[in-house]
Amino acid sequence: MTKQTTSTLTKADLIEEVLNVTELPRKESETIVETIFDNIAALQKGEKIEIRGFGSFRTRERRGRVGRNPKTGEKVEVPAKKIPYFKPSKELKDFVNNAAAHSAAGDAQAG
């Protein structure tokens, strides 16, 4: 992919990338991307999703606490809840850090 670090990769961009790489029809490319996202939604069932070389998705339990209403300052009970959590793999961390190092080296040579 040729996206810059400041841009946002959207679902439409992912569909376009699948379309370009596989040369499948657009509808099938959309189905592939939707299927992946639907399966990541398995987190709702408490399942862990692990993609080797990329990372893992899981949920974490956030404890209930007492918060404050920012407008009134009144104390409010915030209930416990589950939050999605992504843990990148070592390979992904290394890839991101090497890409950042190559970008910094290129910037230094350009300047």
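Residues are numbered from 1 along each chain as its sequence is written. The model is predicted, so local features need pLDDT of at least 70, side-chain atom pairs count only at pLDDT 80 or more, and totals for chains, interfaces and linings use all residues, while side-chain values use heavy atoms, leaving out hydrogens and water.

**Overall fold**

The chain holds three helices and five strands. Helices (H or I, at least four residues) and strands (E, at least two) are DSSP runs, numbered from the N terminus. Read from the N terminus, the order is α-α-β-β-β-β-β-α. Of the 111 residues in the chain, 14% are buried. Buried means under 20% relative accessible area, exposed means over 50%, and partly exposed lies in between (1.4 Å probe, protein chains only). Contact means heavy atoms within 4.5 Å. Among contacts between residues at least 6 apart in sequence, 27% join residues at least 24 apart.

**The helix pair**

Two packed helices are described by the angle between their axes and the distance between the axes. Here α1 spans residues 11-22 and α2 spans residues 26-40. They pack at an angle of about 125°, with axes 9 Å apart. Axes are lines fitted to C-alpha atoms, for helices over the stretch in contact, and angles run from 0 to 180 degrees between N-to-C directions. Helices α1 and α2 are therefore oblique to each other. Angles under 35 degrees count as roughly parallel, over 145 as roughly antiparallel, 65 to 115 as roughly perpendicular and the rest as oblique. Residues of α1 in the contact include L14, V18 and L19. Those of α2 include I32, V33 and F37.

E23 sits in the loop between α1 and α2. Its phi is near 60°, a positive value in a residue other than glycine. Most residues other than glycine have a negative phi. E23 is exposed, with a relative accessible area of 70%.

**The aromatic cluster**

The whole structure contains two aromatic pairs. Rings of Phe, Tyr and Trp (its six-membered ring) pair if their centres lie within 6.5 Å; planes under 30 degrees apart count as stacked, over 60 as edge-to-face and the rest as tilted.

| Pair | Centre distance | Plane angle | Class |
|---|---|---|---|
| F54 and F86 | 5.4 Å | 50° | tilted |
| F57 and F86 | 4.9 Å | 45° | tilted |

The pairs link F54, F57 and F86 into a cluster. F54 lies in the loop between β1 (49-51) and β2 (55-62), and F86 lies in strand β5 (residues 81-88), 32 residues apart. F57 is in strand β2, so its pair with F86 ties together parts 29 residues apart in sequence. F57 is buried, at 17% relative accessible area. F54 is partly exposed, at 37%. F86 is partly exposed too, at 31%.

Another ring carries a charge. R60 lies over the face of Y85, 3.5 Å from the ring centre. A charge sits over a ring if NZ of Lys or CZ of Arg is within 6 Å of the ring centre and within 35 degrees of the ring normal.

**A glycine in a loop**

G53 lies in the loop between β1 and β2. G53 is partly exposed, with a relative accessible area of 40%. The C-alpha atoms of G53 and S89 are 5.8 Å apart, although 36 residues separate them along the chain. Setting aside neighbours within four places in sequence, G53 is in contact with S89, E91 and L92.
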